[in-house]
Amino acid sequence: MEALLDIRELQTHFQTEAGVLRAVDGVSLRVREGETVCIVGESGCGKSMTAMSVLGLVEGPSGKVAGGEVRFGGRDLLRMSRQELRTLRGHELSMIFQEPMSSLNPVLTIGRQIAEPLREHLRLGRKEAMRRAVELIREVGISRPEQIADAYPHELSGGMLQRVMIAIAVSCKPKLLIADEPTTALDVTIQAQILDLLRGLQAKSGMALLLITHDLGVVAEMADYVIVMYAGKVVEEGEVERLFREPRHPYTQGLLRSKPVLGQVREELYSIPGQVPNPLELGAGCAFADRCEFAMDRCRRQEPPLAPVGSDQQAACWLHGKEG
Amino acid sequence: MSVANGRLAVQPGAGRSKRSSIWGDAARRLIRNKLAVSGFLVVALMFAACFLGPLFSPYADNKINMAQMNRPPSASHWLGTDALGRDVLTRVLQAGRISLTVGLASMGLSVALGALLGIVAGYYRGIVDQLIMRLADLLLTIPSLPLLFIAGALLSEWKVPPDSRMYIVMIMLAVVGWPGLARMVRGQILSLREREFMQATTVLGLRGRRRLLGHLLPNLVPLLIVIATLNIGGAILSESVLSFFGLGVTPPTPTWGNMIDAANNMIDFEKRPWLWIPPGFSIFATVIAINLFGDALRDVLDPKQRR
Ligand SMILES: Nc1ncnc2c1ncn2[C@@H]1O[C@H](COP(=O)(O)OP(=O)(O)OP(=O)(O)O)[C@@H](O)[C@H]1O
Ligand code: SF4
Ligand SMILES: [Mg+2]
């Protein structure tokens, strides 16, 4: 069966003064219907840009999707007209962000903002959309939904605002929800509730979830399948149990070093010694070489391709690749 | 689901009543500001006096009365009489009607023009933006008073009848008023459209019209209110200056500016202060009061102060 979302060899580049910055450099990934795929990686590795590229949100003078293919439900998103893409966004394909406060319009009521996509995509009337908005507020676990519908964003707490964002995102029953670090800005207890909510909604509606995070605790709790990114590339991917049990790439091993306990969300990510490389100064070899304890000569000369290591798992590392 | 019920972080009364917060908050903070309240009261009083006052005056017909020329204030003429024996108080109020009307109307015109052009420029950008903003820049590089003087002088040259001059002055003021306004509105739009919540509307797949009218414009309302308020003061002042130089609204239509002009000679200035102090004070008080109120409005409505 064809995957719901199928990204192939995606290239997203930024034109900078110092040269071309490959924010996303040949990323491929698949999300099947109802599945939860997590993208993990340190800050700046291109997680958000991957998601933005899918939605056609990389625009403006400097950034553009320079290559690859993004198929969603069989349609090629990168070749769609703006108009077609617009009718898809917020309808079949939704996204939520890290900062719910700044994603909401400060001068419009919560109810009005939830009603907007309903009116746009499902063509509901004003009254009907508002009624549905109140229901949605209830569905995302906020009590007194009628009052909240009339409130403004600054009157609600961060956790409630993220619930509201989720309500907006799922209002038109999307097939895929992309969540870019949805819990990073929230405190730990609220994080767990938001993840619960996402799982609950998923169970009810069968939507797929592409979850971006740098928190392996979140991955352990949510993912079916994990994509590990480093410097714009996928360095390892695999089914969640396998990847946690047997990480093959030294970077993944580093991330997992202080093992997250399943079902427990941790606050801090163990940090691997060394710096994330400047994406403009990447040489020919493995981008992780400067921080890798196993780095060999070959690693600096030649870039390791992503290759299968056992079933349901792939890694881009010369320790596992075939000799070549 | 074990979920915290709706915990309200900021205000326990959130969402209690419709439209409670934003405008309600602003109004409450405004009422606490003494300068704003006094400013508002002065303006309100001025409006009431000018528009209702003359109805109760026995001298509202402006009959020339040679027997009562240049009389100082007395029980029958509280602010004295002018060179034609007309009641100064009544004249000041009637002049206020004109001055305030010109101020309000030219404000309305320039805000409408400025907001419309600023929105179009900021939202659609590209060539439209270039055209509008070049025109605005051009008008802004010419200082507005000389421009108004030239226009006023042309009006006199072409012998435009006094009753229609009032309307032409309104339009003149709007023409010099819109560029600054358009630029401010455009700037605000450019910064608003980069804000995350506007980008979020793209992510939601909302069409352009809905994003502009439903999401962007409401954020512009506070700015427009503040600009409009401050603009009235500026327009009243400009009209007074123009009329003082005989280039704005001309007699017999009275305005505060041309009333002072009528007293603009050594004898009147030294010996008959009741001729120029009342209109002068009216301009001063009205403009100051409007600006105080406008400044307070800006403090209260400034989006940057809102979290
Ligand atoms: N507008 C831009 N111009 C130039 N470079 C950009 C721009 N936006 C992003 N980048 C670069 O793209 C790379 C990937 O950014 P991205 O936002 O995808 O990282 P991320 O993995 O989401 O990180 P984080 O965890 O901090 O959100 C970074 O190196 C960043 O500097
Ligand atoms: S390819 Fe070499 S440098 Fe890169 S992760 Fe593997 S061992 Fe380390
Ligand atoms: Mg990011």
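Trainee: In what order do the elements of chain B run from the N terminus on?

Mentor: In this predicted model, the order in chain B is α-α-α-α-α-α-α-α-α-α-α. Chain B has 11 helices and zero strands. Its C-alpha trace spans about 90 × 50 × 30 Å along the principal axes.

Trainee: What makes the nonpolar surface patch, and what is its area?

Mentor: The patch is made by B:Leu35, B:Ile277, B:Phe281, B:Phe284, B:Ile288 and B:Leu292, and covers about 580 Å². To belong to such a patch, a residue needs over 30% relative accessible area and no salt bridge, and nonpolar side chains are joined within 5 Å.

Trainee: Which helix gives the most to the nonpolar patch?

Mentor: Helix α11 of chain B, residues 273–301, gives the most, with five residues. B:Ile288 has its place in this helix α11.

Trainee: Why is the contact of A:Asp6 with A:Arg30 called a salt bridge?

Mentor: The closest N and O atoms of A:Asp6 and A:Arg30 are 3.3 Å apart. The cut-off is 4 Å, so the pair qualifies as a salt bridge. A:Asp6 lies in strand β1 (residues 5–16) of chain A and A:Arg30 in strand β2 (residues 19–31) of chain A, so the pair ties together parts 24 residues apart in sequence. Over all chains, the count by this rule is 28 salt bridges.

Trainee: How many residues surround ligand 2, and of which classes are they?

Mentor: Ligand 2 is surrounded by 13 residues, the closest being A:Cys286, A:Cys292, A:Cys299, A:Cys317 and A:Trp318. By class, the shell has 12 nonpolar, one polar and no charged residues. The space that ligand 2 takes is the second largest cavity.

Methods: Residues are numbered from 1 along each chain as its sequence is written. Chains are lettered from A and ligands numbered from 1 in the order in which they are written. This is a predicted model: local features need pLDDT of at least 70, side-chain atom pairs count only at pLDDT 80 or more; totals for chains, interfaces and linings use all residues. Side-chain values use heavy atoms; hydrogens and water are left out. A residue is near a molecule or strand if one of its heavy atoms lies within 4 Å of it. On a 1 Å grid over the protein atoms alone, a cavity is a set of points where a 1.4 Å probe fits but cannot get out, and a pocket is an open set with protein on both sides within 12 Å along at least five of seven lines; lining residues have an atom within 4 Å of a point. A molecule sits in a cavity or pocket if more than half of its atoms lie within 2 Å of its grid points. Ala, Val, Leu, Ile, Met, Phe, Trp, Tyr, Cys and Pro count as nonpolar, Asp, Glu, Lys and Arg as charged, and the others, Gly among them, as polar. Patches are made of residues with over 30% relative accessible area and no salt bridge: like charges are joined within 9 Å, nonpolar side chains (Val, Leu, Ile, Met, Phe, Trp, Tyr) within 5 Å. Accessible areas come from the Shrake-Rupley method with a 1.4 Å probe; for residues, only the protein chains shown count as cover. A salt bridge is a side-chain nitrogen of Lys or Arg within 4 Å of a carboxyl oxygen of Asp or Glu. Helices (H or I, at least four residues) and strands (E, at least two) are DSSP runs, numbered from the N terminus.
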